Amino acid sequence: MKIIPALLTLVFATALTCRADVISQTVDFGTITGGSQFYFNQFNTALGTLTGVTLDWTVNSSITAASITNENAGTVTISRISFTNTVEGFVPSTGTSGDLVAEVANAKSITPAGGTVTLNPGETYNYGSVVFNGFTQTDSYTSADANFTDYQGTGTVPLYLANTFGATPTASGSGSTTSWLTSITGSTTGNLQVTYTYTAAPIAPVPEPPAILLGFGGILGMAGFAFKRRAKNTTAAAVA
C-alpha cells in the first residue's frame, strides 16, 4: 500500500529556513601592568555565514604609587606633574605587529601638596594614587574590511594589549629641568566583548506535536479505510 509513505512525506516534509543570529564572547583582561597577550575564538563557519564583527572595549586604569627623582644638575621646583596612561589594542596580532584597532591616551595633571615641591639633585618626590577616566569604544567590521577572514575558522584570534604609564613634571630652576627618573606602579583592568553576527545555515524545523498527531491520525484513518476496503473485496471474491 503506497498511501502511507505518501502521507508520511506530507507530514514531515517542511521548507528549509534561514535566520540571522549572534554569538558573543568576553575576553577578561584581569589586571595588567604592561603588555599582555590574549586570544578569543574564531567564528565557526559551519554555523552559517559571518556578516559582521563588533568589538566593544572597556578599559579602566590607575596609578597606585609614583616617584620622581631630580637628575638635573641644579635645584628644581616642581609646580605640576602630568601623569599619562596609554592603552593600545591590536587585533589580530601577536605582540604589536598587527592592526592597531583601539587606542586611548589618558592624562591627569596634579599639583603637589603645598602648591610646589623643591628638589635638590638626586632627591625624590613621592606621589600617591591617580585614577584615570574610564574608556569605552565600539568597532564594527564587515566582509569589506581587511582581515575580516581572520575572524573565521575553528581556531583563535590573537589580541595584544599594550599598556604604558608616564609622568612629566613642570619645573623651574637653574640650568636644565628635563632630566628625571620616574618610577610608576600602575595597572589596567577591563574587557573586550566580541560579537559575531551571522546568517545561520539552513535547517529543517521540527514539526509541532499537534501537527505530528494530526498527521498520524490521518495516516491511521486512511490505513483503516484501505484495510476495510481490501477486506470487503476479499469477501466478495470468496462469495463469487
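Q: How much space lies in the largest cavity?
A: Rolling a probe the size of a water molecule over the atoms shows where empty space is left. A cavity is a set of points, on a 1 Å grid over the protein atoms alone, where a 1.4 Å probe fits but cannot get out. Its volume is the space filled by probe spheres set on the points, which are joined across faces, edges and corners. Here the largest cavity holds about 40 Å³. This is a predicted model: local features need pLDDT of at least 70, side-chain atom pairs pLDDT 80 or more, while totals for chains, interfaces and linings use all residues. Numbering runs from 1 along each chain as its sequence is written, and side-chain values use heavy atoms, without hydrogens and water.

Q: Which elements give two or more residues to the lining of the largest cavity?
A: Lining residues have an atom within 4 Å of a point. Strands are DSSP runs of at least two residues, numbered from the N terminus. Strands E3 (48–70), E4 (76–90) and E5 (100–110) each give two or more. Trp 57, Glu 88 and Phe 135 are among the lining residues.

Q: Is Thr 69 buried or exposed?
A: Buried means under 20% relative accessible area, exposed over 50%, partly exposed in between (1.4 Å probe, protein chains only). Thr 69, in strand E3, is buried because its relative accessibility is 14%.

Q: What joins the side chains of Thr 69 and Thr 124?
A: A polar contact of 2.6 Å. The term means a pair of N or O atoms within 3.5 Å; within protein, one must be able to donate a hydrogen and the other to accept it, and residues adjacent in sequence count only if both atoms are side-chain atoms.

Note on methods
1 Å grid on protein atoms, 1.4 Å probe; cavity = no way out; pocket = protein on both sides within 12 Å on 5 of 7 lines; lining within 4 Å. Helix = DSSP H or I, 4+ residues; strand = E, 2+ residues; numbered from the N terminus.
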